[in-house]
Structure formats: C-alpha cells, structure tokens
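The following paragraphs lead through a single structure, from strand pairing to the links between side chains and then to the chain as a whole. Please keep the sequence and the model in view while reading.

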Amino acid sequence: ETGLIAVNTHKSIYLPNEIANISIGVLDSEGGVICDANVTLLVADPNSVLANLTTANGNITVSGVCSAKNKTYIPDYSANYTVNGIGNYSMNATAAEDDSLTPNITSNFEVWANVPFDVARSTATRIFPFVPYIVNISIISNKDYNGIINEYTPSSFAISNVEFYEAA
C-alpha cells in the first residue's frame with residue numbers, strides 16, 4: 001500500500017541561522033489522513049551533514065487536531081530546523097504505519113548570505129480540495145522595487161479575494 005507524504009517549508013530561501021518551519025502531511029492510498037505514522041525527515045546541509053528528525057525522537061510533533069479530511073491550517077506533523085551555512089539543503093521525508101505505508105518525498109531549500117526579497121508563505125500543508133483556503137504571502141524588501149510581483153499556481157486553482165497590505 002502506497003500513500004502520500006507532503007513536506008513544505010515556509011520559505012524556499014533562508015538566511016544563515018534562521019529557523020525553518022517544516023510542515024508534513026501523510027495520507028493513505030485512499031486519501032485518508034494518517035495521524036499516527038512514524039515520520040522521518042532527513043535534512044542534509046551543504047556539507048552533507050545529516051539531521052535525523054523523527055516522530056520517535058520527538059523532533060517531529062503530531063498536531064492535536066490531526067483528523068480525517070478536515071480543513072485546518074495546523075500541520076498534521078511539524079518540525080523546526082535551524083539552518084547553518086550558505087548553500088543547498090536537501091530533505092527526504094518518509095512515513096511508515098504498521099510496516100505497510102512507506103511513501104517518501106524529496107525536496108530542498110537554500111540558504112543565502114542575503115536576499116533582495118525575503119518571502120514567506122503561510123497556508124495549509126494538507127488541503128481538502130473542495131473548500132477554499134487563505135494563503136498569506138509576506139514579502140520583506142531589502143532593496144527598492146517598483147514593478148509586478150508574480151505568484152504562479154496550477155491552472156485548476158481558483159484565485160479570489162486578493163488583498164494587499166503594506167506594513168508601515
């Protein structure tokens with residue numbers, strides 16, 4: 001039986017020593033939410049130093065509101081990882097339940113010395129596709145900019161009620 005595991009970081013680019021907020025969701029082959037999987041997240045830094053985050057060792061926590069096909073912005077599984085030096089970091093997440101479910105996914109993020117625009121996204125990791133969700137995108141500009149900002153989504157997504165706020 002193969003299910004699905006999703007892993008998201010709240011940024012794709014971090015600055016040195018920032019904390020990466022990592023959200024994970026696990027589904028069975030029927031799309032049912034799995035809240036008791038043994039989840040492992042291996043994070044390799046640019047020097048190939050591995051961090052082994054797991055539910056077993058308590059580095060990955062399970063939400064108290066993890067349940068079947070509900071709308072929630074709270075990740076079913078979450079972890080924090082403090083990034084170190086500049087470069088590319090890779091992640092491999094796996095989930096096992098009763099030795100029958102072993103989905104895995106590989107993703108990555110980067111650490112830069114400085115960024116012209118510091119972008120963070122806040123939304124659900126696991127979505128129920130029949131209900132709308134709010135996505136908050138925070139952009140901190142470290143340089144002057146005048147122009148268009150594009151955010152791309154799949155063509156099947158319905159985008160509505162776009163609002164912009166400018167910090168004082």
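Strands β1 and β3 pair in the antiparallel sense over six bridges, where pairing requires that DSSP find at least two bridges between two strands. Within this pairing, Leu 4 stands opposite Leu 27 in β3. The two strands belong to an open sheet of four strands in the order β1-β3-β7-β6, with antiparallel pairing. Its edge strands are β1 (4-9) and β6, each of which pairs on one side only.

The model is predicted: local features need pLDDT of at least 70 and side-chain atom pairs count only at pLDDT 80 or more, whereas totals for chains, interfaces and linings use all residues. Residues are numbered from 1 along each chain as its sequence is written, and side-chain values use heavy atoms, with hydrogens and water left out.

In total, the protein chain has eleven strands and zero helices. Both kinds of element are DSSP runs numbered from the N terminus, helices being H or I with at least four residues and strands E with at least two.

Which cysteines are joined by a disulfide? Cys 35 and Cys 66 are joined, with an S to S distance of 2.0 Å; a disulfide is taken as a pair of cysteine sulfur atoms within 2.5 Å. This rule gives a count of one disulfide. The link of Cys 35 and Cys 66 is left-handed, with -85° about the S-S bond. It connects distant parts of the chain, 31 residues apart: Cys 35 lies in the loop between β3 (19-27) and β4 (38-44), and Cys 66 in the loop between β6 (61-62) and β7 (77-82). Cys 35 counts as partly exposed because its relative accessibility is 26%, whereas Cys 66, at 14%, counts as buried. Here buried means under 20% relative accessible area, exposed over 50%, and partly exposed in between, with a 1.4 Å probe and protein chains only.

Charged side chains provide further links. Side chains of opposite charge can pair when their charged atoms come close. The structure holds four salt bridges, each being a side-chain nitrogen of Lys or Arg within 4 Å of a carboxyl oxygen of Asp or Glu. Lys 11, Glu 18 and Asp 118 are linked in a network of such bridges. In one of them, the closest N and O atoms of Glu 18 and Lys 11 are 2.7 Å apart. Lys 11 also meets Asp 118 in a salt bridge of 2.8 Å, N to O. That pair links distant parts of the chain, 107 residues apart, with Lys 11 in the loop between β1 and β2 (13-14) and Asp 118 in strand β10 (residues 117-122). Lys 11 is buried, with a relative accessible area of 7%, and Asp 118, at 12% relative accessibility, is buried as well.

A further salt bridge joins Asp 76 to Arg 126, the closest N and O atoms being 2.6 Å apart. Asp 76 lies in the loop between β6 and β7, and Arg 126 in the loop between β10 and β11 (136-141), 50 residues apart. Asp 76 counts as buried because its relative accessible area is 2%; Arg 126 is buried at 10% relative accessibility.

Finally, consider the whole chain. Of its 168 residues, 31% count as buried. Among contacts (heavy atoms within 4.5 Å) with a separation of 6 or more, 59% come from residues 24 or more positions apart. The C-alpha atoms fill a box of roughly 55 × 40 × 25 Å, taken along the principal axes.
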